[in-house]
Amino acid sequence: VALPAPGGVVQVGHRLGEPLAEAVPDDIRAQVRLLLLDDEPRLRRAAALLVANLAGEGAADALLEKLKSEKLPAVRQDLLKVLGQPADPAALSAVLAEVGSEYDNVAASAAAALARIAEKNPLDSRRHAEAVKALVERYERITNSDDGATLRSSLLTAMGVLGDKAFSSVLEGAVKDSVATVRLAAVNGLARLGEERSAGVIATLIANPGGDSDRGVRQAAITALGALGPVRYLQDILQRTDPAIETDAAVRKQAWDVTMKALSEADAPTLSAVLKKLAGRSDAADQRIQIMQMHVALLKANQSPKLPTAQRRLGLALLRADRPSEAAANLSEAHALYAAAKSSEAPKVWLEWVEALLAADDPASI
C-alpha cells in the first residue's frame, strides 16, 4: 500500500483481507499525521480521512489539534466529518463550537457530527442545553435559500436526534421549506420528537388535493403520522393508498402498511367506516378481506349482534376472491347464527354456503 508522504510515498506491506489500520506500524501513522500540516490543502484533506481510517492512539487528538489551527473552511469541513465518524464524545466541545461557524459547509459538518455523537452518547443536561442553544441560534442565522439546504438539513437532523421540545416550532416551520431534503429532515425530526400536536402539520404533506411534491417526503409523513396519530389521521393516510390520488406505488405501499397496522388496534366502528370507504375500490380487494377478518374477530370477541351480517359479507368476499374453502367456513358459521335467530335470510345464506362448498370441491356439499 502506498501512502503519500513528504518527498514521495511510504510503502507498507499489507496482507489481503487484513484491516489496513492493523497493518500500518506506528511510525508510519506518525508520518501520515504530519501530512495534516502540509501546505497543500488537498493533501491536508486527504490526510484527515487517512488519519481517521488508520486510527490508533492519538489520532483523534491530532485531528482536534489541527482543527484549532486550520484556516481553510474546506479542510475544517473534512476534519469535522472524520471527527464525527467514530462518534467520540471527546470531540463534542470542538464540534459544538463549530456549529456556530460563519461558513455553512463547516457548520453543516459540525451539526452532522453532533448528531452522530449524540445518537451514540446521550448528552448530560449541561451539554444538552449547550447543543440546543447552538443549533437554534445557528438555524436562525441562515437564509431560506437552496444554497443553505445542506446546512438546514444537518441542523434539523441534529435537532431530531436531541429530541428537545424547544425545537418543535423550528421543525414545524421547516415542513414548509422550499427544498425537499429539508422538509424530509423536518418530518423525521418531528417524528422523533413524538409530540401529537405536530401530527396536524405533518398531515398537510399528504392532504388531497395537494400534498408534497416529493415522494420521499410523503412516505416520511405517512410513517410519522403512523407513529403520532394513526387513527385520527387514518382518512388522510388511507387516501394515499388510492391510485387515483397517489401515483407512486412505493408511497401507496407505505400507506397500506401504516393503515393496516393502525387498523389492527382499531375498534369495530372504525373498521366498519374504513370498509365502507373501500367499498368501491377494486384495487383494494385483498385489503378489504383482511379488514373484514379483523372486523369479524372483534365482533366475535364482543359477542356483537352485527356478527352474522359481517361474517356473511366476509364469506361472500372470499368466494369472489376465489378462496372458496375459507368462504365456506365463514358462511357455515354465518348460517348457524342466522338459523339460531330464525332469520328469514337463513335459507339464502345456506345456498351461499353450499355454493362455496361446491366451488371448493368439498365432499361435505353432498
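Biologist: Which residues in α18 meet Lys-348, Val-349, Glu-352, Glu-355, Ala-356 and Ala-359 in α20?

Modeller: Keep in mind that this is a predicted model. On the α20 side, the contact takes in Lys-348, Val-349, Glu-352, Glu-355, Ala-356 and Ala-359. Facing them from α18 are Arg-312, Leu-316 and Leu-319.

Biologist: And how do those residues divide by class in the contact of α18 with α20?

Modeller: No polar residues turn up in this contact.

Biologist: Are α18 and α20 roughly parallel or antiparallel to each other?

Modeller: Their axes lie 11 Å apart, and the packing angle is about 30°. Angles under 35 degrees count as roughly parallel, so α18 and α20 are roughly parallel.

Biologist: What about α2 and α3, parallel or antiparallel?

Modeller: Helix α2 covers residues 26-34 and helix α3 residues 41-54, with axes 9 Å apart and an angle of about 155°. Anything over 145 degrees counts as roughly antiparallel. α2 and α3 are therefore roughly antiparallel.

Biologist: Which residues of α3 make that contact?

Modeller: From α2 come Arg-29, Val-32 and Arg-33. Their partners in α3 are Ala-47, Leu-50, Val-51 and Leu-54.

Biologist: Now the largest pocket: which helices each supply at least two residues of its lining?

Modeller: That pocket holds about 370 Å³ of space. It has 15 lining residues, and the closest to its centre are Ser-272, Leu-275, His-295, Ala-310 and Arg-313. By class, the lining has eight nonpolar, three polar and four charged residues. The helices you want are α16 (268-277), α17 (285-301) and α18 (307-320).

Notes:
Residues numbered from 1 in each chain as written. Predicted model: local features only at pLDDT ≥ 70, side-chain atom pairs only at ≥ 80, totals over all residues. Heavy atoms only, no water. 1 Å grid on protein atoms, 1.4 Å probe; cavity = no way out; pocket = protein on both sides within 12 Å on 5 of 7 lines; lining within 4 Å. Points joined across faces, edges and corners; volume = space filled by probe spheres on them. Helix = DSSP H or I, 4+ residues; strand = E, 2+ residues; numbered from the N terminus. Nonpolar A, V, L, I, M, F, W, Y, C, P; charged D, E, K, R; others polar. Axes fitted to C-alpha atoms, helices over the stretch in contact; angles between N-to-C directions. Parallel < 35°, antiparallel > 145°, perpendicular 65-115°, else oblique. Contact = heavy atoms within 4.5 Å.
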